[in-house]
Amino acid sequence: MLSPLVKCWGSGLIIAGICLTELVEINLFIPTVAAQTYQDTLNEKMAILKKSDQRWIEINLSAQRLIAWEGSKPVYAVIISTGKKSTPTIPGIFSIQSKRRLDRMKGADYDVDNVPYVQYYSGGYAIHGTYWHNKFGTPVSHGCINLAIDHAKWLFDWSETETPLVIHP
(Lines give C-alpha, C1' and ligand atoms only; values in the text may rest on other atoms or scores of the structure.)
Protein backbone atom coordinates (compact mmCIF):
# COMPACT_ATOMS: atom_id res chain seq x y z
CA MET A 1 0.00 0.00 0.00
CA LEU A 2 1.28 3.47 -0.85
CA SER A 3 1.52 6.15 1.78
CA PRO A 4 -0.90 9.09 1.60
CA LEU A 5 1.90 11.21 0.10
CA VAL A 6 2.55 8.78 -2.77
CA LYS A 7 -0.36 7.82 -5.10
CA CYS A 8 -0.71 6.34 -8.56
CA TRP A 9 -2.70 8.44 -11.02
CA GLY A 10 -3.16 7.22 -14.59
CA SER A 11 0.32 6.70 -15.97
CA GLY A 12 1.88 9.05 -13.42
CA LEU A 13 2.91 9.02 -9.81
CA ILE A 14 1.85 11.75 -7.43
CA ILE A 15 4.27 12.44 -4.60
CA ALA A 16 3.19 15.08 -2.11
CA GLY A 17 0.99 16.75 -4.70
CA ILE A 18 3.54 16.70 -7.55
CA CYS A 19 2.61 14.54 -10.55
CA LEU A 20 5.51 12.65 -12.13
CA THR A 21 4.71 11.31 -15.60
CA GLU A 22 8.09 9.77 -16.38
CA LEU A 23 10.50 7.77 -14.36
CA VAL A 24 12.90 9.99 -12.53
CA GLU A 25 15.35 9.24 -9.76
CA ILE A 26 13.78 10.21 -6.49
CA ASN A 27 16.12 10.78 -3.62
CA LEU A 28 13.96 10.85 -0.53
CA PHE A 29 15.89 11.37 2.67
CA ILE A 30 15.32 12.65 6.15
CA PRO A 31 17.94 15.19 7.11
CA THR A 32 19.74 14.39 10.33
CA VAL A 33 21.22 16.95 12.61
CA ALA A 34 24.29 16.04 14.58
CA ALA A 35 22.93 17.65 17.70
CA GLN A 36 25.36 18.24 20.46
CA THR A 37 24.12 17.36 23.91
CA TYR A 38 23.76 20.10 26.47
CA GLN A 39 26.31 18.35 28.67
CA ASP A 40 28.78 18.40 25.75
CA THR A 41 28.31 22.17 25.51
CA LEU A 42 28.96 22.59 29.23
CA ASN A 43 32.02 20.32 29.03
CA GLU A 44 33.38 22.32 26.08
CA LYS A 45 32.95 25.59 27.97
CA MET A 46 34.79 24.16 30.98
CA ALA A 47 37.60 22.89 28.73
CA ILE A 48 37.97 26.37 27.21
CA LEU A 49 38.05 27.98 30.66
CA LYS A 50 40.65 25.46 31.83
CA LYS A 51 42.91 26.47 28.94
CA SER A 52 42.72 30.12 30.01
CA ASP A 53 44.11 31.87 33.07
CA GLN A 54 40.64 33.20 33.88
CA ARG A 55 38.92 32.84 37.25
CA TRP A 56 35.69 30.86 36.98
CA ILE A 57 33.25 28.93 39.16
CA GLU A 58 31.98 25.38 38.67
CA ILE A 59 28.83 24.08 40.35
CA ASN A 60 28.36 20.30 40.31
CA LEU A 61 24.70 19.72 41.16
CA SER A 62 24.90 15.95 41.64
CA ALA A 63 27.93 16.22 43.96
CA GLN A 64 26.65 19.41 45.65
CA ARG A 65 30.10 20.97 45.22
CA LEU A 66 31.43 24.37 44.22
CA ILE A 67 34.95 24.68 42.84
CA ALA A 68 36.65 28.02 42.23
CA TRP A 69 39.18 27.76 39.39
CA GLU A 70 42.02 29.87 38.07
CA GLY A 71 42.38 28.42 34.60
CA SER A 72 43.02 24.71 35.11
CA LYS A 73 43.96 25.06 38.78
CA PRO A 74 41.27 24.49 41.41
CA VAL A 75 41.89 27.04 44.17
CA TYR A 76 38.89 26.49 46.48
CA ALA A 77 36.28 23.76 46.89
CA VAL A 78 33.29 23.60 49.21
CA ILE A 79 30.12 21.64 49.87
CA ILE A 80 27.00 23.60 48.92
CA SER A 81 23.23 23.31 48.95
CA THR A 82 21.36 23.89 45.70
CA GLY A 83 17.69 23.85 44.73
CA LYS A 84 15.35 21.10 45.81
CA LYS A 85 13.34 19.17 43.19
CA SER A 86 10.37 21.53 43.34
CA THR A 87 12.61 24.62 42.95
CA PRO A 88 15.72 23.41 41.14
CA THR A 89 18.96 25.20 40.39
CA ILE A 90 19.06 25.54 36.62
CA PRO A 91 22.13 24.17 34.80
CA GLY A 92 23.81 26.44 32.29
CA ILE A 93 26.58 28.87 31.50
CA PHE A 94 26.29 32.18 33.31
CA SER A 95 28.42 34.98 34.72
CA ILE A 96 28.21 36.98 37.92
CA GLN A 97 25.97 39.96 37.11
CA SER A 98 25.97 41.89 40.39
CA LYS A 99 27.23 41.57 43.94
CA ARG A 100 25.79 42.76 47.25
CA ARG A 101 27.38 42.27 50.67
CA LEU A 102 23.88 42.08 52.21
CA ASP A 103 20.54 41.77 50.48
CA ARG A 104 16.91 40.93 51.18
CA MET A 105 15.63 37.93 49.24
CA LYS A 106 11.90 37.36 48.78
CA GLY A 107 9.84 34.69 47.13
CA ALA A 108 6.33 33.27 47.29
CA ASP A 109 7.03 31.40 50.52
CA TYR A 110 10.11 33.14 51.98
CA ASP A 111 11.34 36.60 52.94
CA VAL A 112 14.88 36.70 54.31
CA ASP A 113 16.69 39.86 55.40
CA ASN A 114 20.44 40.33 55.58
CA VAL A 115 21.43 37.52 53.22
CA PRO A 116 25.24 37.78 53.16
CA TYR A 117 27.64 37.87 50.20
CA VAL A 118 25.06 37.66 47.43
CA GLN A 119 26.28 37.21 43.84
CA TYR A 120 23.45 37.30 41.30
CA TYR A 121 24.02 35.40 38.07
CA SER A 122 20.55 35.13 36.45
CA GLY A 123 17.55 37.17 37.57
CA GLY A 124 16.91 36.30 41.21
CA TYR A 125 19.25 33.28 41.15
CA ALA A 126 22.37 33.83 43.21
CA ILE A 127 25.28 32.30 45.06
CA HIS A 128 25.07 33.47 48.68
CA GLY A 129 25.85 32.81 52.31
CA THR A 130 23.24 31.05 54.40
CA TYR A 131 22.67 31.44 58.13
CA TRP A 132 19.23 29.77 58.34
CA HIS A 133 20.36 26.19 57.68
CA ASN A 134 23.47 24.01 57.72
CA LYS A 135 22.25 21.22 55.44
CA PHE A 136 25.14 21.58 53.01
CA GLY A 137 25.50 18.61 50.69
CA THR A 138 21.71 18.37 50.38
CA PRO A 139 19.50 20.25 47.88
CA VAL A 140 17.18 22.39 50.04
CA SER A 141 17.15 25.88 48.49
CA HIS A 142 14.60 27.66 46.31
CA GLY A 143 17.07 27.50 43.40
CA CYS A 144 19.96 29.57 44.69
CA ILE A 145 23.37 28.17 45.57
CA ASN A 146 23.80 28.24 49.36
CA LEU A 147 27.21 28.33 51.06
CA ALA A 148 28.33 28.59 54.65
CA ILE A 149 28.96 32.27 55.41
CA ASP A 150 32.76 31.99 55.65
CA HIS A 151 32.91 30.24 52.26
CA ALA A 152 30.51 32.77 50.72
CA LYS A 153 32.77 35.62 51.95
CA TRP A 154 35.87 34.00 50.45
CA LEU A 155 34.13 33.52 47.08
CA PHE A 156 32.66 37.04 47.17
CA ASP A 157 36.12 38.57 47.74
CA TRP A 158 37.78 36.32 45.11
CA SER A 159 35.29 36.78 42.25
CA GLU A 160 34.32 39.83 40.23
CA THR A 161 31.29 40.72 38.17
CA GLU A 162 31.49 38.86 34.85
CA THR A 163 33.26 35.89 36.48
CA PRO A 164 32.04 32.88 34.47
CA LEU A 165 29.86 30.31 36.21
CA VAL A 166 29.18 26.82 34.86
CA ILE A 167 26.39 24.85 36.54
CA HIS A 168 26.09 21.23 35.47
CA PRO A 169 24.19 18.10 36.55
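The model is a predicted one, so local features need pLDDT of at least 70 and side-chain atom pairs count only at pLDDT 80 or more, while totals for chains, interfaces and linings use all residues. Residues are numbered from 1 along each chain as its sequence is written, and side-chain values use heavy atoms, with hydrogens and water left out.

I will start with the whole chain. It has two helices and 12 strands. Helices (H or I, at least four residues) and strands (E, at least two) are DSSP runs, numbered from the N terminus. Along the sequence the order is β-β-β-α-β-β-β-β-β-β-β-β-α-β.

Of the 169 residues, 36% count as buried. Buried means under 20% relative accessible area, exposed over 50%, and partly exposed in between, with a 1.4 Å probe and protein chains only. The accessible surface of the chain comes to about 10400 Å², and carbon and sulfur atoms hold 56% of that. Those areas come from the Shrake-Rupley method with a 1.4 Å probe; for residues, only the protein chains shown count as cover.

Contact means heavy atoms within 4.5 Å. Among contacts between residues at least 6 apart in sequence, 52% join residues at least 24 apart.

Next, the strands. Two strands pair if DSSP finds at least two bridges between them. Take S4, residues 55–60. S4 runs antiparallel to S5, with six bridges, and parallel to S12, with four bridges. In the second, Ile-59 stands opposite Ile-167. The hairpin of S4 and S5 has four residues between the strands, and Gln-64 takes a positive phi near 55° there. How many of the six residues of S4 are buried? Five are, so S4 is largely enclosed by the rest of the structure.

S10, residues 125–129, has four of its five residues buried, so S10 too is largely enclosed by the rest of the structure. S10 is joined to S9 by three bridges in the antiparallel sense, and to S11 by three bridges in the parallel sense. Ile-127 in S10 is the bridge partner of Gln-119, and His-128 is opposite Asn-146 in S11. The S9 and S10 hairpin has two residues between the strands; Gly-123 has a positive phi near 55° in this hairpin.

Now helix H2, residues 149–158. Which of its residues are buried? They are Ala-152, Leu-155, Phe-156 and Trp-158. These residues cover an arc of only 165° around the axis, which puts them on the same side of H2. The arc is that of the directions from the helix axis to the C-beta atoms.

A nonpolar core is a set of buried Ala, Val, Leu, Ile, Met, Phe, Trp, Tyr and Cys residues joined through side-chain atoms within 4.5 Å. The largest one has 19 residues, and Ile-57, Ile-59, Leu-66, Ile-127, Ile-145, Leu-147 and Leu-155 have the most contacts inside it. S4, S5, S9, S11, H2 and S12 each supply at least two residues of this core. Which element gives the most? H2 does, with four residues.

Ile-57 touches, among others, Leu-66, Ile-127, Leu-155 and Trp-158, leaving aside residues up to four places away in sequence. A second, separate core has seven residues, including Met-105, Val-112, Ala-126 and Cys-144.

Ser-159 sits in the loop between H2 and S12. Is Ser-159 buried or exposed? Ser-159 is buried, with a relative accessible area of 4%. Not counting residues up to four places away in sequence, Ser-159 touches Ile-57, Lys-99 and Gln-119. With Gln-119 there is also a polar contact, side chain to side chain, at 2.4 Å. A polar contact is a pair of N or O atoms within 3.5 Å; within protein, one must be able to donate a hydrogen and the other to accept it, and residues adjacent in sequence count only if both atoms are side-chain atoms.

Glu-162 lies in that loop between H2 and S12 as well, and its phi is positive, near 80°. Tyr-117, in strand S9, has a positive phi near 55°. Tyr-117 is buried, with a relative accessible area of 17%.
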